[in-house]
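Okay, everyone, thanks for coming. Let me put the structure up and walk you through a few parts of it.

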Amino acid sequence: MSFGILSFGAYVPTFRITRQAIAQAISWASPGAKSQKGERSFANWDEDSITLAVEAARNCLSGLPRSVEQVQLASTTLPFADRSNSGVVADALRLAGTVSTEDLAGSRRAATSALVRMSRFTQGAPSTLLLAADTRETRPGSAQEMLYGHAAAALLLGEGEPVALIRGAASVHEDMVDQYRANDTDYDYSLEERWIREEGYNKIVPRAVQAAADAAGIALGEVHRFIIPTSASIAKGLAKILKVGEDRLVDPLAGQVGDCGAAHSLLMLSLALETAVPGETLMVVGFGQGADALVIETTPHLAALQASRGPARYIAAKRVVENYTMFLSLRERIEFDFGMRAERDNRTSQSAFYRRRQDITGMVGGRCSACNTLQYPRSQVCVKCGEMDTQQPESLSDLHGRVKSYTEDWLAFTPLPPYIYGNVEFPDGANCMLEFTDFAPGAVQVGSEVRMVFRIKDFDTRRNFRRYFWKPAPLLAQ
Amino acid sequence: MAKGIKDKVAIIGMGCSRFGERWDCGPEELILEAFKEALADAGIAREEIEMAWLGLFYQEQSAGKSALPLALSLRLPNIPVTRVENMCATGTEALRGAVYAVAAGACDIALAVGVEKLKDTGYAGLPERTKGTFDDLWLPNATAPGAFAQLASAYAAKHKIPMEDLKRAMAHVSVKSHDNGVLNPKAHLRKRITEEEALKASTVAYPLGLLDCCGVSDGAACAIVTTVEKAREMGFTDVVTVKAMQLAPSNGYEMSNTGWDGSYLLTTRVAAQKAYQEAGITNPREEISMMEVHDCFSVTELVVMEDLGVSPEGGASKDILDGVFDRDGKVPCQVDGGLKCFGHPIGATGLRMAYEMYLQLLGRAGDRQISNPTIGLTHNLGGHPFRNVASVSLFGLHAT
């Protein structure tokens, strides 16, 4: 038994917009933007940093016991300033009530700094789920609109059979305001790129990297892959400064995903772990008002986890939109008129939610101990055999369902018309009418197989609240 | 052993307002319009009414809670008034309360009124309500067309009918009801449509187009009932009596269990069987002269033909296209235009259906009169296919 990284995972939302589509839409004001290539990811209207983190965590924990003792959620875009965001994640994952939950914020380095702290454990470390997610909004027409993406990543740390060990770590703090976002604003304010490169990356990152290598007792030449969350050109410059080959740089996913803020270092790490071989040495860097660096070495246990984890499947499962106003509206950058039905008051009965919080956040239904029928929602009387007080809690969130009936409703309000919903059958008799997500019009059929994903169910815009629930979504390709 | 309600209660007067976008009327005026007709029809004084039932669905957005909207509108002399609500079966529930009261001997003459004032809400379609219960935490924010559209997707899949073919049968349902609505001066929508127009109408909720959906209307309807014995004393000879009134609400099975395949209405099947038993009907296709069913959407009418046992399983499309339910067909359905064209003021709808049966049975249906009807069926479906309240009632002639 030794301490280290026990598993990893990632999630990239389905939606992409091509940079060409953005460039065309804003070319009247920024003709120079046209040279931008590739796509950026963006969260669907019903996704935020909590739901992205849940999906990355499910990817990380799939097939493993959920005996997590501590959940840490790193993000600069946590939806709640006061309500434990990691607590919502813990309930969605149905972790034990004794779990310790902690939100880590205020820095793009929030996740790598937590990892540096965790690296100090040699024994007695709690089983920790370290999550990083960001959904940074961008001002229409800004450089960030092209550069940023939305994603999440996860690491399970603790004692066991690690897939990777942390060999050394170091942090450097420098209050260099290369970019910032004040609490009361939506957008990042970014300074001149040349200054950030020369005075920031080129001077601060090498100090952290060298310190981490020294702590691990290795030379930089022994590092197989460098994970540096920045542009390809800055990373190439750093490779020169560090005197290592450009071929050692891990793809920053600029062409497929974009810069995912606090999630980006762990996203790139999970990308590297997806294809790494045992005995590889990785240097993971975090940057922002200083730098973190960690030397990570993979072990033979990695191979057993690689088939089902990491971002590659999510990067492949994309829905590309070319419609700039659709992108803006889904991220609420423009106020689209959805008519009177969008005015509905969506107050949440918090006492009703608290009573049924496991049912809602964990999609916990009941299995009748008399007739074995699974049902959602659970109740005191079995819907099949009528026996009372026989239902044992059981979640439907990890089950696959089959569409029994559906509609594409153009009358009902949804930020992404049509509103697709229908009856979904689950094993052992359960049936639910549910709101679907991530399906394009025409994609759902009677008989379609679906998986469940944790999403925003409704926004209460008047009281700045959001509710979460589970929705059927398309299966991922194996 | 209970004997049921058959031939115990006579309807001695009925009235129905013109349905539609009644910008000229509030709920009080709508109630009065129906009530005056019924009172004159029964030939009684307002003071002879001893008890009343009010059916109203959207309380705050329509006429208000409690007995008061009716008691105040009619200035009733402090008699007992009960407000009932059972979604789209609300009007039928008001009638059931009045019928049971006179049958029980609690009073001699009772009044049932159903009303809905929908066009003051500002919505095209039914209004949204404020959210706040447990169901709102997880159920989709479904609309009525979206909920009923799923009947079509599940039905087509179950019976392996191409959606284009099913849509054609659904279009015939709407074309037929529009044809009938033209003949009804009180109907909301009085314009013929073609099958092609129905098929080409813009999609509301796949596969339902605009012309697959019923009207959202203002309106009121009412009935005055008494016992058959009292009717005889009052000098009525041939009267319309209640042959059966049955109600079946869901218990959650459809929504929570895979045993229901989404293609039919379980509660309608239960209510129909019980109603046939109460009325002594053994072969509905042969014995029922005419029907007013809950055609909130064309596909609802289609599957209901099977749920009522009038069409064989999977055979409704053929019956519809063969004209079985046309006004000159074997079992005319929605002779007054139905929810589709007469309109659907929710609280009034069940009583509006009974009104048509009453007129037809007494031979007073004017241009749309069918020949020699003996038994009429009304059917309501409140809620959505996966969770609803169904009612099936039968009416017929009875010699006092």
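Predicted model: local features only at pLDDT ≥ 70, side-chain atom pairs only at ≥ 80, totals over all residues.

Residues are numbered from 1 along each chain as its sequence is written, while chains are lettered from A and ligands numbered from 1 in the order in which they are written.

Let's start with a sheet in chain A. It's an open sheet of 3 strands in the order 3-2-14, with mixed pairing. Strands here are DSSP runs of E, at least two residues, helices are runs of H or I, at least four, and both are numbered from the N terminus. Two strands pair if DSSP finds at least two bridges between them. Strand 3 (39-42) and strand 14 (319-321) of chain A are at the edges with a single partner strand each, so one side of each has no neighbour in the sheet. On average, neighbouring strands of this sheet are turned by 35 degrees against each other, direction ignored. Strand 2 (residues 15-18) of chain A runs parallel to strand 14 of chain A, joined by 3 bridges, and Phe15(A) has Arg319(A) as its bridge partner there.

Now, helix 7 (residues 232-242) of chain A. Which of its residues are buried? They are Ile234(A), Ala235(A), Leu238(A) and Leu242(A). Buried means 20 or more other C-beta atoms within 10 Å of a residue's own, exposed means 12 or fewer, and partly exposed is in between, with C-beta atoms placed from the backbone. Those four cover an arc of only 100 degrees around the axis, which puts them on the same side of helix 7 of chain A; the arc is that of the directions from the helix axis to the C-beta atoms. On the other side of this helix, Ser233(A) and Lys240(A) are exposed. Helix 6 (193-216) of chain A is part of what covers the buried residues. Just after helix 7 of chain A, Lys243(A) takes a positive phi of about 60 degrees.

Next, where the chains meet. Chain A puts 41 residues into the contact and chain B puts in 36; two residues are in contact if their C-beta atoms, placed from the backbone, lie within 7 Å. On the chain A side, strand 18 gives the most, with 6 residues.

Over to chain B. It is divided into domain 1 (9-119 + 218-236) and domain 2 (143-209 + 239-399), with bounds from an automatic or database domain assignment. Their centres, taken over C-alpha atoms, are separated by 24 Å. In the contact between them, 37 residues of domain 1 meet 32 residues of domain 2. Helix 4 of chain B brings the largest share of the domain 1 side, 7 residues.

Last stop: strand 4 of chain B. Here 8 of the 8 residues are buried, so the strand is largely enclosed by the rest of the structure. One face has Ile109(B), Leu111(B), Val113(B) and Val115(B), and the other has Ala110(B), Ala112(B), Gly114(B) and Glu116(B). Strand 4 of chain B pairs in the parallel sense with strand 2 (residues 51-55) of chain B over 5 bridges, and runs antiparallel to strand 7 of chain B, with 8 bridges. Ala112(B) stands opposite Trp53(B) and also opposite Ala223(B) in strand 7.

Conventions:
Axes fitted to C-alpha atoms, helices over the stretch in contact; angles between N-to-C directions.
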